[in-house]
Amino acid sequence: MPQLDPVRLEIFRSLFSSVAEEMGATLMRSASSPNIKERRDYSCAIFNGNGELIAQGEHMPVHLGSMPLSVQAAIDEMEFEPGDVVLLNDPFRGGTHLPDLTMIMPVFIEVSEEPTFFMANRAHHADVGGMSPGSMPVSTEIYQEGQIIPPVKWRAAGDLNDDLQRTLLANVRTPVERKEDLAAQEASLKVGAKRTRELTKRYGLGVVQNFMTQVLDYSDTLMRKELEEIPDGTYIAEDYLDDDGSTAEPVKIRCTIRIDEDTADVDFSGSAPQVRGSLNAVSAITFSATVYCFRCMAENDIPVNEGCFRPLTVIAPKGTVVNATRPAAVAGGNVETSQRIVDVVLKALSRAVPERIPAASQGTMNNVAIGGTDNNGEPFGYYETIAGGMGARPSKDGISGIHNHMTNTMNTPIEALETSYPFRITEYRFRDFTGGTGTYRGGDGIIRSLQVLCDCSVTVLSERRIFSPYGLQGGNTGFQGLNILTRKDGNMEGMPSKFNIQLRAGDVLTIETPGGGGYGKPEHIHD
């Protein structure tokens, strides 16, 4: 290998990342649904010809650590030629949950017989069928959650698979929006392919491939240096999900981290068996959440790619809630269990490097999916997650009303929401004094009240309604969240953490999100 040139290495690292960022910008600007256009619930990445992650945009953490498994599934099952586009969402083949549709495009450079790159993106679609609008049901098996798409060719040598498109669109509640969002994903891949071809034309294929290898090795080296600074030893933590949406039983997640010089084994043995409800996580989710924690702990700016995964080994026993097997329901595993995995891994790391680890953030995405037929007879489907409190940090308060950890989405502007859907937002503000007290206070949650203007169905998947976000180093817990339904006649009803219910025009759903935990003893509060 040629001698490392740090300046050129940084230039190429930025070039690779900029391609993924431009792919994301194209997807966001081309999409139809507010969920992608406004909330930016998508991710984009570049892979080499072996399917190794080279660079990602600053998009959704829960997507990006798991997307390499989708690309590998496509490689394992496909023979590629120029013009191909692969589509999949199967959680047991590298996907996360069914609404997340992944598209993959091979890129052939010069006269190569095998792909030189793969462009990939993943976007959360507001509906992919299933038993309830939004495809985020309170389910007991994956077949209730929507269409399962194994790796299949959306395009073969440039020709659209019309039968596949017609079948997919015939089984969703909002086919026009789905068609437009899928077209936006394709446009994003084309931009990525164009930019990588430009890179190889400008610098030469050999040079580009050499720096792809160097970027991976660089991340590997940086991650190992970070791990060497953690005292060798075994660090254990556990926490609980409120329930699985099917029974009232709490669900344990246990993590044992073993640090040995420049490597880490993260073992989830002792976690609960896979559950009947939809809070099961597949192995891709558990891996993604674990990698995210170690990347956040690092003091250096480590490029997130396949290289920084190498020193980490994740052990997730099959048949558990952190590595469920078919036909387990998984709609909530991607959004809720991923957050608890983060809480548990960070709690374990706090035993080793307390000066680097914050208290627990809200620990939920507060998923709301609403759908039905509006007053004009048009079908609609909407999905959002709601921000909450960030945990206090070792030297700062937590931030209030922010999406944190495995979600990196934006707020859906009230104007965009009310323009697109038969809803009215009647209240949207901080939930004051809900962060845990301590030397540093946790961030506050949010109160968001949504009034529906037509009869419709709503599903809520939320967490931290029973088990509070923990504080660290003597800090107090954050406040639990609340779900409240106010009927048009004024009757109020407290709702569980997970439910599906029919709403009538005029009903109001209020989500009060949790606050983050506090850090340090309250009597030592900072000025």
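User: Which strands form a hairpin with 5 residues between them?
Analyst: Strands β17 and β18 form that hairpin, and G490 in the turn has a positive phi of about 95°. Helices (H or I, at least four residues) and strands (E, at least two) are DSSP runs, numbered from the N terminus. This is a predicted model, in which local features need pLDDT of at least 70 and side-chain atom pairs count only at pLDDT 80 or more, while totals for chains, interfaces and linings use all residues. Residues are numbered from 1 along each chain as its sequence is written, and side-chain values use heavy atoms, with hydrogens and water left out.

User: How many bridges join β17 to β18?
Analyst: There are 4 bridges between β17 and β18 (residues 492-495), and the two strands run antiparallel. Two strands pair if DSSP finds at least two bridges between them. N483 has M495 in β18 as its bridge partner.

User: And how many join β17 to β20?
Analyst: β17 and β20 are joined by 5 bridges and run antiparallel. L482 stands opposite E512 in β20.

User: Why is β17 largely enclosed?
Analyst: Strand β17 (residues 482-486) has 4 of its 5 residues buried, so the rest of the structure largely encloses it. Buried means under 20% relative accessible area, exposed over 50%, and partly exposed in between (1.4 Å probe, protein chains only).

User: Changing topic, what lines the second largest cavity?
Analyst: Its lining consists of V368, E384, I386, R448, L450, L509 and I511. The elements giving two or more residues to this lining are β15 (445-452) and β20 (508-512). On a 1 Å grid over the protein atoms alone, a cavity is a set of points where a 1.4 Å probe fits but cannot get out, and lining residues have an atom within 4 Å of a point.

User: What classes of residue are in that lining?
Analyst: The lining of the second largest cavity has 5 nonpolar, no polar and 2 charged residues. Ala, Val, Leu, Ile, Met, Phe, Trp, Tyr, Cys and Pro count as nonpolar, Asp, Glu, Lys and Arg as charged, and the others, Gly among them, as polar.

User: Now α8: how many of its residues are buried?
Analyst: In α8, 11 of the 15 residues are buried, so this helix is largely enclosed by the rest of the structure. Among the buried ones are Y292, F294 and M297.

User: Lastly, is T26 buried or exposed?
Analyst: T26 counts as buried, at 16% relative accessibility. T26 lies in helix α1 (residues 6-30). Leaving out residues up to four places away in sequence, T26 touches A187, S188 and V191, where contact means heavy atoms within 4.5 Å.

How values were computed: On a 1 Å grid over the protein atoms alone, a cavity is a set of points where a 1.4 Å probe fits but cannot get out, and a pocket is an open set with protein on both sides within 12 Å along at least five of seven lines; lining residues have an atom within 4 Å of a point.
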